[in-house]
Each structure stands twice: as C-alpha cells, then as structure tokens.
Amino acid sequence: MKLIASLIAVAAAVGVAAPAAAQTKLKWAHVYETSEPFHTQSVWAAEEIKKRTNGKFDITVYPASSLGKETDINQGLQLGTVDMIISGLSFAARSYPRIGVGYYPFTFRDGDHLVQWSKSDAFRELADGYKKKSGGVHITAMTYYGARHTTSNKPISDCASMKGLKIRVPDVPAYMAMPKACGANPTPIAFAEVYLALDNGTVDAQENPLPTIEAKKFYEVQKHIILTGHIVDAVATQVAPHVWNKLSDEEKKIFTEGTEGAAARGTEQVKKREAELVDEFKKRGLTVTEVERSGFQKAVLENVPMESMGYDKKDWDAIQALK
C-alpha cells in the first residue's frame, strides 16, 4: 500500500494528467464558396464553440458542396451523414411548407425586415413546427443572404420581356413563382453547376443576390443584371437531431450563441457588399437595369396564389405586421 501511495504521489508531482474528456467531431456542410461570409463566419462559430466547450466539440466546416448538393445535405441531417448545415428554408419547406412563407415573392421590404421576422415569435412557431415535422432538426440562427436579382444574356425591362427565357432556379417551387408568372421557363440546376450551364448556353439566365453573383463569377458569363429584388432571402443554420438532442442545456446555449453571432456578422457583411456591387458591376461593363417591380408582383399574385404553394396567409400577415 505504501508503494502504491508513493507512486501516486510521484505521478502527481511530475504532472501526469488524467485522461482528457472525449472529443466529439462534427461535420458542418454548406454549398457556398470559401470567400463568402456563410463560410468564413461558420468557421468563426466553429472555433467559438470549440473554445467555449473546452475543446469538446471539434467542428469542421465543409464548403462549396464538398459533402453534396443542397438537397443532399438537407437529407444528410436526418440520415446522420452530416451534423450541421447552412441552407435556405425553401428546402425545409419540403417537409413543412408553412416555413417557406418568406419565399413568396415580394414578401419582405428589405433585409432588416427579414432579420426582424427571424427573431419574432411568429418565426419561432414555424421553426418549432418544422422541428416536429423533420424529426427534430433544430434551427439556431438565420443569416441574411441578400435580395435576389436576375442576370441574363438578353435585356429585360419588365415581366413580359421574360417570356420564353430559360432561367436557372433552385429545385424549389418558391423560386419558380416569379419566372413562371412572367412566362419564363424555370430550369432547376444544382448550384455548383450553374456557371457551366450559363457558359455553355444550357440556360440563358439565373437569379441570385449580388454578392453571390460576384462570388460565383456569374458576371463573367452574363451581360445584364436586372434588379428584380423578387425574393429577400436568408439561410438557416440547422443542427441535426442526433447532435442537438445529446447536448446539455449549457451546450445548446453555446451552439445557439455561437451561430447567432456568426449570423449577425455575416448579415452585416452581406448588406455592406450588396450596397457596393451595383457600381462595381457597371464598372466591369455589365448593364444594370432597375425595373418597376409592381408589374412582376401583380403577375405573381394573379398567376401563383400563395395557397398554391402551401403557405398560410396568417403567417404572411404576421410578417407584414412587423414594423
């Protein structure tokens, strides 16, 4: 016994450490480029979470569709192949249509209006509904993605001039609403494949926020930018149920605060870059056209009713009530 006691004392004296707590490695996936704030701020959040949990959670962020297309990573949350994602709520709306109400064209006044909604009780009700319907996927934060505008290789001055235009959209009904209402031919193509599709003429046009048009270099293969601003978009940080349900209350708070901090930082970067890009695109030789948006909105209201997309008007009214 004296020998054992002596060995313990010696070990303590030389600083032999107790076994470290097990580390949990997590995969965080998205489809955006490494230069975009959706990636850089996710890396920041991953580091914050690691630091605040004393290294318990080691999160690797996988950008640019490296773990799959947007449909794949959304499915991966339930399959357990990814642990966290950033994705548009339009994909969440496939399992819970009501949460996609913000994608109805011309719903938000601007990015501030959208951010205000994302922090409201009306949004939390929808997020809780999605959580139940999706088997427990938890939304921790929302980042402003930008107002979506149209790029094309032909001039567009109004809704009627889009007739017959082959335009790439995500594979989600909400993004098809405005092009369909104007007589265009919306064509779903995976995000990672859009540049090539524009370059080889598979499609004539696409729609995305100005910072995305810059990051994906769509301006290299498109001549015109039309400021339709038809959807004010955001992306949601989501945690898979097999992760969220195992977190302690304190860990849930850390994950939420870390991702909310990243979302706030990312939102400010997107808003700043949006404000700069109109002039920059003009300097690059593109034609940037402002259009009267009321004609586009009228066509959507007449041709694609809100209810046809599975949205509930009371949710839309709740957004309009926010001042």
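Of the 323 residues in the protein chain, 54% are buried, where buried denotes a relative accessible area under 20%, exposed over 50%, and partly exposed a value in between (1.4 Å probe, protein chains only). The structure is a predicted model, in which local features need pLDDT of at least 70 and side-chain atom pairs count only at pLDDT 80 or more, while totals for chains, interfaces and linings use all residues. Residues are numbered from 1 along each chain as its sequence is written, and side-chain values use heavy atoms, with hydrogens and water left out.

The protein chain contains 13 helices and 9 strands; these elements are DSSP runs numbered from the N terminus, with helices (H or I) of at least four residues and strands (E) of at least two. Along the principal axes, the C-alpha atoms occupy a box of roughly 95 × 45 × 35 Å. Of the contacts in the protein chain between residues at least 6 apart in sequence, 74% join residues at least 24 apart, a contact being defined by heavy atoms within 4.5 Å.

Axes are lines fitted to C-alpha atoms, for helices over the stretch in contact, and angles run from 0 to 180 degrees between N-to-C directions. The crossing of H2 and H11 is right-handed; a crossing is right-handed if the near helix is turned clockwise from the far one by less than a right angle, and left-handed if anticlockwise. On the H2 side, the residues in contact are Pro-37, Phe-38, Thr-40, Gln-41, Trp-44, Ala-45, Ile-49 and Arg-52. Their counterparts in H11 include Ile-254, Phe-255, Glu-257, Arg-265, Gln-269 and Val-270. The contact of H2 with H11 comprises 9 nonpolar, 7 polar and 3 charged residues, where Ala, Val, Leu, Ile, Met, Phe, Trp, Tyr, Cys and Pro count as nonpolar, Asp, Glu, Lys and Arg as charged, and the others, Gly among them, as polar.

Helix H7 (residues 173-181) has 7 of its 9 residues buried and is thus largely enclosed by the rest of the structure. The buried residues of H7 are Ala-174, Tyr-175, Met-176, Ala-177, Met-178, Pro-179 and Ala-181. H7 packs against helix H12 (residues 293-303) at an angle of about 105°, with the axes 8 Å apart, so that H7 is roughly perpendicular to H12. In this contact, Ala-177, Met-178 and Ala-181 of H7 meet Phe-296, Ala-299, Val-300 and Asn-303 of H12. By class, the contact of H7 with H12 holds 6 nonpolar residues, 1 polar residue and no charged residue. Gly-183, which follows H7, has a positive phi near 85°.

Thr-187 is located in strand E6 (residues 185-188) and is buried, at a relative accessible area of 16%. Beyond neighbours within four places in sequence, Thr-187 contacts Lys-166, Ile-167, Arg-168, Val-169 and Val-203. The C-alpha atoms of Thr-187 and Lys-166 lie 6.6 Å apart, at a sequence separation of 21 residues.

Several loop positions were also examined. Gly-68, between strand E2 (57-62) and helix H3 (70-79), is buried at 16% relative accessibility. Excluding residues up to four places away in sequence, Gly-68 touches Val-31 and Ile-73. Ala-160, between strand E4 (138-152) and strand E5 (166-169), is exposed, with a relative accessible area of 60%.

Most residues other than glycine have a negative phi. Asn-54, however, has a positive phi of about 55°; Asn-54 lies in the loop between H2 and E2 and is exposed at 75% relative accessibility. Phe-106 likewise has a positive phi, of about 65°. Phe-106 is situated in the loop between helix H4 (89-92) and helix H5 (111-118) and, at 11% relative accessibility, is buried.

How values were computed. Angles under 35 degrees count as roughly parallel, over 145 as roughly antiparallel, 65 to 115 as roughly perpendicular and the rest as oblique.
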